[in-house]
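Hello,

Here is the structure I promised to pass on. Please open it first, then read my notes below.

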Amino acid sequence: MRFTLVGNGRMGTQVAQVIGQSGRHEIAAVIDIDTPITPELFRGSDAIIDFTVRDAFLLNLPAILSSGVPVVVGTTGWDDVRETVRSQVSDAGASLLWSSNFSLGVNIFLRTVREAARLISPFPQFDIAFAEQHHTGKADFPSGTALRAADMILEANRRKTTVVRELSDERKLAPEELHVAAIRLGTVFGKHSAFIDSELDEIVISHTAKSRAGFASGSVEAAEWLAGRHRTTPGFYTMDDFLNEKLS
Ligand SMILES: NC(=O)c1ccc[n+]([C@@H]2O[C@H](COP(=O)([O-])OP(=O)(O)OC[C@H]3O[C@@H](n4cnc5c(N)ncnc54)[C@H](O)[C@@H]3O)[C@@H](O)[C@H]2O)c1
Ligand SMILES: O=C(O)C1=N[C@H](C(=O)O)CCC1
């Protein structure tokens, strides 16, 4: 397949490496900030893979959707406009698959955290919190992965109803609040941890990315899957739609 990459940074270069080593995919074009985005740029590609920044993704989206080429979005930081983007995709009859994290290992970790959150739900003696660590070049916080984990914890644990990202002096956490903390540190590729605590127990479930290869390879696999589905079933997809087939 032929892929057009939007964003030539840490992730774009990693994705280009995965495609180059695949032996069966090729790069149609790599687009970065200096290239005015038009629908024609994408014609001839089987899929687009976007790893840019929030504002760029939202600015480029109309041209991407007008191109008729399916797009896989790894860019994070746009959770607040997710439903608007879904409508834009639907109105255009396009195909978009998004994920805060394309790593298979992270998605197995996320499903493990969701199950742990469900198991402790009936037992008020267990509390839960979440934390992430990423490199100092990361523009958004908390990570999209941490926000996805928080949604899954709230979905599975009826005692947690609200996500709190930042605390302040004299501001104590209420029992129904889920604290999600972020650390920016050196060159950390990505570490995510769920902490469960009671008077008798400490349970920690963690995932550490050893490189960006897992993010990149997962995005290329998802792009191949989406390109196949776009012809018959265009739509707004998540990593779960892709993974459910893979993990079933
Ligand atoms: N989903 C995942 O698995 C996953 C994994 C890693 C990173 N990410 C996310 O991917 C995004 C990019 O991460 P990164 O580490 O590669 O960042 P980066 O800063 O290294 O790269 C971003 C690139 O986007 C380019 N860009 C900026 N504005 C643009 C525009 N208008 N048009 C085209 N390109 C533009 C920049 O020049 C840069 O090359 C972030 O949102 C990050 O959170 C997601
Ligand atoms: O390096 C980044 O930036 C990452 N961003 C994603 C997120 O926000 O969850 C995935 C992990 C790495």
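**Ligand 2 and its surroundings**

A backbone N or O atom of Gly144 lies 2.9 Å from an oxygen atom of ligand 2. Bear in mind that this is a predicted model.

An N or O atom in the side chain of Thr145 is 2.5 Å from an oxygen atom of ligand 2. For the side chain of Lys138, the distance is 2.7 Å, again to an oxygen atom of ligand 2. Taken alone, ligand 2 exposes 320 Å², and the protein buries 86% of that.

Which residues surround ligand 2? They are Thr76, Ser100, Asn101, His134, His135, Lys138, Ser143, Gly144, Thr145, Phe189 and Phe215. By class, two are nonpolar, eight polar and one charged. Domain 1 (2-102 + 212-247) and domain 2 (104-208) each give at least three residues to this shell.

**Ligand 1**

Ligand 1 has 22 residues around it. The closest are Arg10, Met11, Asp32, Thr76 and Lys138. The shell holds seven nonpolar, 11 polar and four charged residues. Helices α1 (10-22) and α2 (54-67) each supply at least two of the shell residues.

Now the contacts. A polar side-chain atom of Thr76 lies 2.6 Å from an oxygen atom of ligand 1. Lys138 also places a polar side-chain atom 2.9 Å from an oxygen atom of ligand 1. Phe102 uses its backbone: an N or O atom there lies 2.9 Å from an oxygen atom of ligand 1. On its own, ligand 1 exposes 860 Å², of which the protein buries 83%.

**Where they sit**

The space taken by ligand 1 is the largest pocket.

Best wishes

How values were computed. Residues numbered from 1 in each chain as written. Chains lettered and ligands numbered in written order. Predicted model: local features only at pLDDT ≥ 70, side-chain atom pairs only at ≥ 80, totals over all residues. Heavy atoms only, no water. Near = heavy atom within 4 Å. Polar contact = N/O pair within 3.5 Å; in protein donor to acceptor, adjacent residues only side chain to side chain. Areas by Shrake-Rupley, 256 points an atom, 1.4 Å probe, with all protein chains shown as cover. 1 Å grid on protein atoms, 1.4 Å probe; cavity = no way out; pocket = protein on both sides within 12 Å on 5 of 7 lines; lining within 4 Å. Sits in = over half its atoms within 2 Å of the grid points. Helix = DSSP H or I, 4+ residues; strand = E, 2+ residues; numbered from the N terminus. Nonpolar A, V, L, I, M, F, W, Y, C, P; charged D, E, K, R; others polar. Domains from an automatic or database assignment.
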